[in-house]
Amino acid sequence: MEADLKRHILACAAALSAHRKQALVTISRLATGDWRFFDRIESGCSFTARKYDATMAWFSANWPEDLAWPDDVPRPATTQQAA
């Protein structure tokens, strides 16, 4: 399951990075407050369920209307708190 969650976060990060034409470290800083977060995930580091939920909520709340959400990634409900 952890591999799926990593794949979900990284898929959203890559899609948003490409769409906005912003570096992945910029998206990481915006989504998590830590510019190295996605790099650490890619290198095999772990994260908490709370961090996953918060990051995915941020993606959902800040996702552009003109960008399709990744098909194989479950989208959480948008909340004002995540924005």
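This is a predicted model: local features need pLDDT of at least 70, side-chain atom pairs count only at pLDDT 80 or more; totals for chains, interfaces and linings use all residues.
Figure 1. Phe37 belongs to helix 3 (residues 37-42) and Phe47 to the loop between helix 3 and helix 4, so the pair ties together parts that are 10 residues apart in sequence.

**Figure 2. The stacked pair of Phe47 and Tyr52.** The ring centres of Phe47 and Tyr52 lie 6.3 Å apart, and the planes are at 20° to each other. Phe47 counts as buried because its relative accessibility is 15%, under the 20% limit. Tyr52 has a relative accessible area of 10% and is therefore buried.

**Figure 3. The aromatic cluster.** The structure contains seven aromatic pairs. Ring pairs join Phe37, Phe38, Phe47, Tyr52, Trp58, Phe59, Trp63 and Trp69 into a cluster.

**Figure 4. Charged side chains over aromatic rings.** Lys51 sits over the face of Phe37, 5.4 Å from the ring centre. Arg36 lies over the face of Trp35, at 5.8 Å from the ring centre.

Figure 5. With a relative accessible area of 17%, Lys6 is buried. Apart from neighbours within four places in sequence, Lys6 is in contact with Ile41, Gly44, Cys45 and Phe47.

**Figure 6. Asp71, in the segment after helix 4 (49-62).** Asp71 counts as exposed because its relative accessibility is 81%, over the 50% limit. Asp71 and Leu16 are 55 residues apart in sequence, and their C-alpha atoms are 14 Å apart in space.

Technical notes. Residues are numbered from 1 along each chain as its sequence is written. Side-chain values use heavy atoms; hydrogens and water are left out. Helices (H or I, at least four residues) and strands (E, at least two) are DSSP runs, numbered from the N terminus. Buried means under 20% relative accessible area, exposed over 50%, partly exposed in between (1.4 Å probe, protein chains only). Contact means heavy atoms within 4.5 Å. Rings of Phe, Tyr and Trp (its six-membered ring) pair if their centres lie within 6.5 Å; planes under 30 degrees apart count as stacked, over 60 as edge-to-face and the rest as tilted. A charge sits over a ring if NZ of Lys or CZ of Arg is within 6 Å of the ring centre and within 35 degrees of the ring normal.
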